[in-house]
Amino acid sequence: MKHMQTQAPASASGDSAQYLTFMLGGEAFAIRIMAVKEIIEFSGITEVPMMPDCIRGVINLRGAVVPVMDLAARFGRPLAVPGKRTCIVIVETESDGERQVTGVVVDAVSAVLDIAASEIEPAPSFGTRIRGDFIAGMGKLNGKFVILLNVDHVLALDALATLPELAAADTTAA
């Protein structure tokens, strides 16, 4: 993983935060580094029947069963095709006081960067190809934008649990 020079450490400036940046379908995304536990090689995924398309399966992470989400599919795109730099970012979220560890498939991890609060714009109400509640904001880096993800919404597994039921209801209604 490449590390880039940043303007100031988050603790010194008080108004910036660190983000793990990564590529997905040719676009730059970022997740707050505090949610990231580790980055592992893309391999060893066990498929689980009757899961939504965006859940690739599960992995064994030091004895724990961890679901793996394909972010491309979660954003309504075709499943990611694994390449040489494809990896799984292990992310920890909290919902209703419970911690959930989830792996997310990304095309390539870029760097850990400090992004100043003054360099973050609100999420646009149009113009993106993903749901607005998935976007925490748009970070400006060297004249380009990186989409800052709201991992609590993107990785909300409880909302995914109803997807197979909704799909089954749609096919029986048709």
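Trainee: Why is K140 called partly exposed?

Mentor: K140 has a relative accessible area of 30%. Buried means under 20%, exposed means over 50%, and partly exposed is in between, with a 1.4 Å probe and protein chains only. So K140 counts as partly exposed. One caution on the source: this is a predicted model, where local features need pLDDT of at least 70, side-chain atom pairs count only at pLDDT 80 or more, and totals for chains, interfaces and linings use all residues. Residues are numbered from 1 along each chain as its sequence is written, and side-chain values use heavy atoms, with hydrogens and water left out.

Trainee: What makes E121 and K140 a salt bridge?

Mentor: The closest N and O atoms of E121 and K140 are 3.0 Å apart. A salt bridge needs a side-chain nitrogen of Lys or Arg within 4 Å of a carboxyl oxygen of Asp or Glu. The pair qualifies. E121 lies in strand β9 (residues 120-121) and K140 in strand β10 (residues 135-141), so the bridge ties together parts that are 19 residues apart in sequence. Strands are DSSP runs of E, at least two residues; helices are runs of H or I, at least four; both are numbered from the N terminus. E121 is partly exposed, at 33% relative accessibility.

Trainee: How many salt bridges does the whole structure hold?

Mentor: The search finds 6. One of them joins E38 and R62, with the closest N and O atoms 2.5 Å apart. E38 sits in strand β3 (residues 36-41) and R62 in the loop between β4 (55-61) and β5 (64-70), so parts 24 residues apart in sequence are tied together. There is also a network of salt bridges that links E92, E94 and R99.

Trainee: What makes D70 and R56 a salt bridge?

Mentor: Their closest N and O atoms are 2.5 Å apart. This pair links distant parts of the chain, with D70 in strand β5 and R56 in strand β4, 14 residues apart.

Trainee: Why do D70 and R56 count as buried?

Mentor: D70 has a relative accessible area of 0%, so D70 is buried. R56 has 18% relative accessibility, so R56 counts as buried too.

Trainee: Why is the pair of F22 and F29 called stacked?

Mentor: Rings of Phe, Tyr and Trp (its six-membered ring) pair if their centres lie within 6.5 Å; planes under 30 degrees apart count as stacked, over 60 as edge-to-face and the rest as tilted. The search of the whole structure finds 3 aromatic pairs. In the pair of F22 and F29, the centres are 6.0 Å apart and the planes are at 20°. That is stacked. Both F22 and F29 are buried. F22, F29, F75 and F134 form one aromatic cluster.

Trainee: How many disulfides are there?

Mentor: The count is 0. The rule asks for a pair of cysteine sulfur atoms within 2.5 Å. As for individual cysteines, C54 is buried at 5% relative accessible area, and C87 is buried at 9%.

Trainee: What makes a set of residues a nonpolar core?

Mentor: The members are buried Ala, Val, Leu, Ile, Met, Phe, Trp, Tyr and Cys residues joined through side-chain atoms within 4.5 Å. The largest such core has 37 residues, and L71 and L149 have the most contacts inside it. Strand β6 (residues 87-95) gives the most to this core, with 5 residues. Apart from it lies another core of 6 residues, among them Y19, A30, I115 and V146.

Trainee: Why is K84 called exposed?

Mentor: K84 has a relative accessible area of 88%, so K84 is exposed. K84 is found in the loop between α2 (71-74) and β6.

Trainee: What does A117 touch?

Mentor: A117 touches D15 and S16, not counting residues up to four places away in sequence. Contact means heavy atoms within 4.5 Å. A117 lies in the loop between β8 (108-116) and β9. At 46% relative accessibility, A117 counts as partly exposed.

Trainee: How many helices and strands does the protein have?

Mentor: The protein has 5 helices and 11 strands. Of its 174 residues, 39% count as buried.
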